[in-house]
Amino acid sequence: MAFYQPYLSIMVAHSYFASGIAQPVTVTPTEATLKWLDQHQMCLKAAPGGLNIFADRGTLADVPPPRAAVPLQFKLFSSDPYFRHYTDMPLSLSLAAAQFEAVIADQEPLFLTPQQWLSPEQMQQPEALVRVSQQDLSQHLTGLVSLQIPPAQFAEPGKEVTLTFTHCEAYWKYYFLSLQSSAKPEVFDQKQIFLFEAPAPTQLNHRPVMTCLSQTPVPVLQHSPFTFQLKSQHQTIYRRLPAADPHQLEIIHQGETAQRLCHLYVS
């Protein structure tokens, strides 16, 4: 009787999300890896933010260990078109994907961060570790994973790999659409961590507005822990200003420097 048990678990973590789990993300084995898994009668089951692979204990016990390390390769896809907006990655690379590499040398869980970020051109080079097609790129490819399983670990169950993405930071720029020009407001951080420049009058669609820009980048998170208030002459006008939204993020260039800027509109 077959007895299936966890063989390899790949989970994708992301610090942007309150749960810590990247979503919605799909982990897909390459064609060569899928063929190897089928040859060894392994089963795949998608999990929230990852993939679980199960193997029959008896089948693994009957198979001689390989003479060399077994390469297993996977691709990560995100169906969220704003994944790159809230992910910390090089601003100079458009449609870049993270590359993860590791050797599973023992039973200890592995926690991996991107070894590097690859451009579409780099991913399509003949010497690339994982082959990438134009279809992969069109399906929001966000990561490439290359794992090595040494012969000593071939039959061992319970391998765990966590791939970790981190959130980005951006300058927050508030647009106050209904403040009178005579007001003297200021954006105040209750935790006294971040400072904002003094409000400046400007035009938005031929309409006078007041803007206020953070002096330093602020983390962009699904549920922001920061409480920014708008005050004027010691009176609170807004007790909690809106937090950064990935939909409102853009990359701006100042000379050779690029940075993220989030526009936040307050009526």
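The model described here is a predicted one.

- Helix H1 spans residues 31-39, and its buried residues are Thr 33, Trp 36 and Leu 37.
- An α-helix has 3.6 residues a turn, so residues three or four places apart point the same way.
- On the face of H1 that is turned away from the buried side, the exposed residues are Glu 31, Ala 32, Lys 35 and Gln 39.

- Side chains of opposite charge can pair when their charged atoms come close.
- When the whole structure is searched, 1 salt bridge is found, and in it the side chains of Lys 75 and Asp 136 meet at 2.6 Å, N to O.
- This pair links distant parts of the chain, since Lys 75 belongs to strand S5 and Asp 136 to helix H4 (residues 134-138), with the two residues 61 residues apart.
- Are the two partners buried or exposed? Both Lys 75 and Asp 136 are buried.

**The largest pocket**

- Rolling a probe the size of a water molecule over the atoms shows where empty space is left.
- The largest pocket has a volume of about 310 Å³, and its lining is made up of 16 residues, of which Arg 84, His 85, Met 89, Leu 95 and Ile 251 lie nearest the centre.
- By type, the lining of the largest pocket divides into 10 nonpolar, 3 polar and 3 charged residues.
- Strand S18 (residues 249-254) provides the largest share of this lining, with 3 residues.

**Backbone details in the loops**

- Gln 23 and Pro 24 are joined by a cis peptide bond with an omega of about -15°, and Pro 24 has its place in the loop between S1 and S2.
- Gln 41, which follows H1, lies in the loop between H1 and S3, and its phi is near 55°, a positive value in a residue other than glycine.
- With a relative accessible area of 46%, Gln 41 is partly exposed.
- Asn 205 also has a phi near 55°, again a positive value in a residue other than glycine, and Asn 205 is found in the loop between strand S13 (200-204) and strand S14 (207-213).
- Asn 205 counts as exposed because its relative accessibility is 71%, while the cut-off for exposed is over 50%.

**Ala 96, a buried loop residue**

- Ala 96 sits in the loop between S5 and strand S6 (97-103), and Ala 96 counts as buried because its relative accessible area is 1%, where buried means under 20%.
- Leaving aside residues up to four places away in sequence, Ala 96 touches Arg 84, Met 89, Trp 117, Leu 118 and Leu 141.
- The C-alpha atoms of Ala 96 and Pro 120 are separated by 6.4 Å, although these two residues are 24 residues apart along the chain.

Notes. Residues are numbered from 1 along each chain as its sequence is written. This is a predicted model: local features need pLDDT of at least 70, side-chain atom pairs count only at pLDDT 80 or more; totals for chains, interfaces and linings use all residues. Side-chain values use heavy atoms; hydrogens and water are left out. Buried means under 20% relative accessible area, exposed over 50%, partly exposed in between (1.4 Å probe, protein chains only). Helices (H or I, at least four residues) and strands (E, at least two) are DSSP runs, numbered from the N terminus. A salt bridge is a side-chain nitrogen of Lys or Arg within 4 Å of a carboxyl oxygen of Asp or Glu. On a 1 Å grid over the protein atoms alone, a cavity is a set of points where a 1.4 Å probe fits but cannot get out, and a pocket is an open set with protein on both sides within 12 Å along at least five of seven lines; lining residues have an atom within 4 Å of a point. Grid points are joined across faces, edges and corners, and a volume is the space filled by probe spheres set on the points. Ala, Val, Leu, Ile, Met, Phe, Trp, Tyr, Cys and Pro count as nonpolar, Asp, Glu, Lys and Arg as charged, and the others, Gly among them, as polar. Contact means heavy atoms within 4.5 Å.
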